[in-house]
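Please read each point with the model in view.

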Amino acid sequence: MRRFGQSFTAIFFIILSLALLIFGRSQNTVVEQVRAQIFELFVPAIMVVDIPREATEGLSGWVSRIAIVYSDNEFLREENAKLKQQLITSTEIIIDNIRLKNLLKIKDGTLTTITASRIVSDSNSPFFKSMLINSGRNEGVKKGHAVVNEEGVIGRIINVANKSARVLLLNDINSRIPVKFSKTGVNIILAGNNSPLLRIDFMPTDERVAVGDQILTSGMGGIYPPDLPVGYVSQISDLGEIKVQPSVNLNRLNYVSVIEYEIASFPQLNTTNDETLPKPDAERRP
Amino acid sequence: MINMSPTTEKSYGLKVVLPSLSILVLMIIMVLPYKSSLISDIMPFLTLIGVYYWSVFKPRMLPVVVVFILGVLQDILLGSPIGLMPLLLIVVQQFVFFQGRQFLERDFIFNWVVFVMLVMGYGLLYWAITSLYYKTLLAYLDILGQIFLTIAFYPIITWILGLIRKVIK
């Protein structure tokens with residue numbers, strides 16, 4: 001009798017699990033709100049359990065950094081000289097660009113850095129590619145904000161609690177990013193497939209691509225600002241399938257920036273020059 | 001099945017939560033940011049080891065409702081569809097009960113061999129349900145890696161859980 005009762009309970013919970021799977025698919029917003037509230041409770045526990053791993057990593061990182069400091073120093077001196085030269089050229093181009101945009105009355109979108117956050121947890125699953133960060137609604141993070149670092153695009157916010165948020169990485173199977181080839185400006189969609197390399201959707205048949213071609217955000221869709229590095233073409237198969245290596249190493253993330261991009265409205269007639277000036281708290285993209 | 005009187009259960013006190021707590025810690029270990037693509041893609045199913053171990057050795061301390069809650073929590077931390085992990089973990093627990101846990105309790109090697117078969121089934125089911133959920137055939141190579149690593153981690157994790165079991169006794 002007791003065994004029958006146990007089996008009955010197990011069957012009930014199996015059916016409940018299946019119902020949650022189906023319900024979660026159709027009523028996603030309700031499930032996501034509950035999920036956000038619960039995962040927030042776990043953030044302190046995760047940080048405590050993470051202390052030994054972080055300490056070990058910090059120590060090994062320190063040892064390896066000491067070991068390569070001399071060679072790094074020489075390399076950085078050479079790179080610094082090259083970058084100084086490039087800075088002069090870039091400044092001239094930026095000034096020209098602003099002048100031309102003012103002449104054509106082109107408005108750029110505004111880009112605001114919402115917050116810098118630490119990665120708290122990682123899905124560590126071949127099927128789900130997301131991360132948890134320690135900033136949330138209290139810091140101004142909203143669903144749909146872009147997540148980047150100095151190397152390029154990482155993903156976007158899909159779920160927000162008060163002090164934490166979940167980031168869908170660009171290699172997740174649900175990720176789609178509007179991008180363009182930097183050389184030609186041809187717009188395409190970059191899709192994740194749970195593997196380290198991304199794939200290209202909606203590739204024009206007459207478009208020619210070479211290994212090493214840079215891929216940037218197109219700015220379409222309003223989530224990602226234009227011209228952020230996303231990756232480069234790393235493989236082209238005989239059947240024409242193109243694989244893209246992300247510019248960011250998604251497995252080596254410590255800190256990320258959450259940014260908000262407000263798409264510019266179309267230029268209107270009789271606008272004054274003052275309207276083209278950047279907002280005081282916002283960074284204006286050239 | 002162990003026949004425990006209410007007084008025996010009461011004598012465990014707060015130790016009753018240790019099996020669930022140990023699975024919770026294993027769950028958190030699974031979602032730490034390891035900064036390694038190798039670990040990230042083939043993280044062993046540590047919670048599976050926990051549920052299997054406690055279902056064999058202390059089933060009364062891991063009722064199905066607790067397995068369900070732990071599964072839901074894992075889905076929340078992992079970012080996976082809610083309902084997936086409770087479904088898989090409850091199936092594992094019921095498999096242990098169906099096999100007769102007293103039989104599994106006797107010998108470590110035999111226990112491990114049964115676990116090898118179990119983890120293969122678990123991996124296959126995990127892949128099949130997730131593929132069905134996303135309506136696409138997902139890559140199975142990483143799952144194979146997860147299965148092998150779970151089998152390799154089994155003796156270490158069960159040794160640690162064994163220490164906790166001694167505390168409970």
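1. Leaving aside residues up to four places away in sequence, A:S218 touches A:P178, A:V179, A:K180, A:N187 and A:P226, where contact means heavy atoms within 4.5 Å. The model is predicted: local features need pLDDT of at least 70, side-chain atom pairs count only at pLDDT 80 or more, and totals for chains, interfaces and linings use all residues. Residues are numbered from 1 along each chain as its sequence is written, chains are lettered from A and ligands numbered from 1 in the order in which they are written, and side-chain values use heavy atoms, with hydrogens and water left out.

2. In chain A, the loop between strand 9 (214–217) and strand 10 (229–236) holds A:S218; strands (E, at least two residues) are DSSP runs, numbered from the N terminus. A:S218 counts as buried because its relative accessibility is 14%; buried means under 20% relative accessible area, exposed over 50% (1.4 Å probe, protein chains only). A polar atom of the A:S218 side chain lies 3.3 Å from the backbone nitrogen of A:M220.

3. Most residues other than glycine have a negative phi. A:N194, however, has a positive phi, near 65°. This residue is placed in the loop between strand 7 (187–191) and strand 8 (198–201) of chain A, and A:N194 counts as buried because its relative accessibility is 6%.

4. Is A:F202 buried or exposed? With a relative accessibility of 67%, A:F202 counts as exposed. Its loop runs between strand 8 and strand 9 of chain A, and the phi of A:F202 is positive, near 55°.

Notes. Helices (H or I, at least four residues) and strands (E, at least two) are DSSP runs, numbered from the N terminus. A polar contact is a pair of N or O atoms within 3.5 Å; within protein, one must be able to donate a hydrogen and the other to accept it, and residues adjacent in sequence count only if both atoms are side-chain atoms.
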